[in-house]
Amino acid sequence: MADLNLILLGPPGAGKGTQAEQLVEDFGLPHISTGDMLRAQVAEGTELGRRAKSYMDAGELVPDEVIVGMIVERIGLPDAADGFLLDGFPRNQQQAEALDEALKLLDRQLTAALLVEVPDDEVVRRLAGRRVCVKNPSHIYHVEFDPPKHEDVCDQDGSRLIQRDDDREETIRRRLEVYHAQTEPLIGFYDRAGLLRRIDGRRSPDEVHAHMRATVATLRLEEQL
Ligand SMILES: [Zn+2]
């Protein structure tokens with residue numbers, strides 16, 4: 001069976017994490033989150049981790065080559081022989097090209113880039129509506145989708161609910177600007193390569209999942225032909 005090498009793209013608030021968890025379960029692929037992997041390598045003190053940490057300590061971005069090196073190493077592990085779902089990388093066209101090159105050396109190539117599309121206003125609606133308990137940050141509400149019984153009061157312990165700085169509209173809009181500036185060229189890149197698959201992220205998580213699963217199942221069939 002051909003390997004299924006996927007990347008997952010989409011704005012903050014698109015529910016990529018949840019979707020990734022379900023997809024990897026559906027298709028038995030490892031979920032490769034570059035953020036998690038970077039933290040793990042740093043914690044374990046591997047050679048790559050030490051290199052990454054020296055940049056992070058200096059307040060610099062970890063260079064693409066370090067991250068690509070980490071991904072290549074990860075993709076070479078036995079559980080990724082049939083494919084992988086890459087999340088959080090690439091973030092721009094340069095990184096995409098570096099990934100392509102690295103995969104070519106492994107005699108592999110991307111199967112598809114799955115893009116979960118959510119309009120900016122919907123992202124803001126989802127994220128800016130979040131309220132978090134001051135006492136226990138795992139008590140999370142949403143003013144519209146999951147409101148507490150009493151405004152700004154935690155149902156579970158009566159503590160005050162606040163909006164985190166990360167969830168403020170201006171912060172979200174700034175993140176979206178960065179996302180668009182970096183990702184639009186990437187989307188064009190994968191579109192031109194015939195690898196882009198668009199998923200309507202405005203639907204419910206279950207519907208988004210069904211659409212993604214069907215899309216990936218079709219890709220797998222096409223790969224077998
Ligand atoms: Zn609480």
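Analyst: Start with contact: two residues touch when heavy atoms lie within 4.5 Å of each other. The model is predicted, so local features need pLDDT of at least 70, side-chain atom pairs count only at pLDDT 80 or more, and totals for chains, interfaces and linings use all residues. Residues are numbered from 1 along each chain as its sequence is written, and side-chain values use heavy atoms, with hydrogens and water left out.

User: Which residues is T171 in contact with, leaving aside its neighbours within four places in sequence?

Analyst: D165 and D166. T171 itself lies in helix 7. A helix here is a DSSP run of H or I with at least four residues, a strand is a run of E with at least two, and both are numbered from the N terminus.

User: Why is T171 called buried?

Analyst: Buried means under 20% relative accessible area, exposed means over 50%, and partly exposed is in between (1.4 Å probe, protein chains only). T171 has 18%, so it counts as buried.

User: Which other residues of helix 7 are buried, and what covers them?

Analyst: Among them are I172, L176, Y179 and T183. The cover includes strand 1, helix 5 (93–105), strand 4, helix 6 (120–128) and strand 8.

User: Where does helix 7 bend?

Analyst: At T183, by about 35 degrees. The bend at a residue is the angle between axes fitted to the seven residues ending there and the seven starting there. A proline, P185, follows within four residues. After helix 7 comes G194, with a positive phi near 75 degrees.

User: What makes strand 1 and strand 4 a pair?

Analyst: Two strands pair if DSSP finds at least two bridges between them. Strand 1 and strand 4 share four bridges and run parallel, so they meet the rule. L9 has L115 as its bridge partner in strand 4. On to strand 8: five bridges join it to strand 4, and R198 is the partner of L115 there.

User: What is the order of strands in the parallel sheet?

Analyst: The order is 2-3-1-4-8, in an open sheet of five strands. Strand 2 (31–33) and strand 8 (196–200) are the edges, because each pairs on one side only. Strand 1 (residues 4–9) and strand 3 (residues 83–87) are joined by five bridges. There L8 stands opposite D87. Helix 2 (residues 34–44) packs on the sheet, touching strand 2 and strand 3. Its direction makes about 70 degrees with that of strand 2. Axes are lines fitted to C-alpha atoms, for helices over the stretch in contact, and angles run from 0 to 180 degrees between N-to-C directions.

User: Why is strand 4 described as largely enclosed?

Analyst: Five of its six residues are buried, so the rest of the structure largely encloses strand 4.

User: Which strands make up the antiparallel sheet?

Analyst: Three strands, in the order 6-5-7. Strand 6 and strand 7 are the edges. Strand 5 and strand 7 have two bridges, so they pass the pairing rule. V132 has I162 as its bridge partner in strand 7. Helix 6 lies across strand 5 and strand 6, at about 20 degrees to strand 5.

User: Are C133 and D157 buried or partly exposed?

Analyst: C133 is at 3%, so it is buried. D157 is at 28%, so it is partly exposed.
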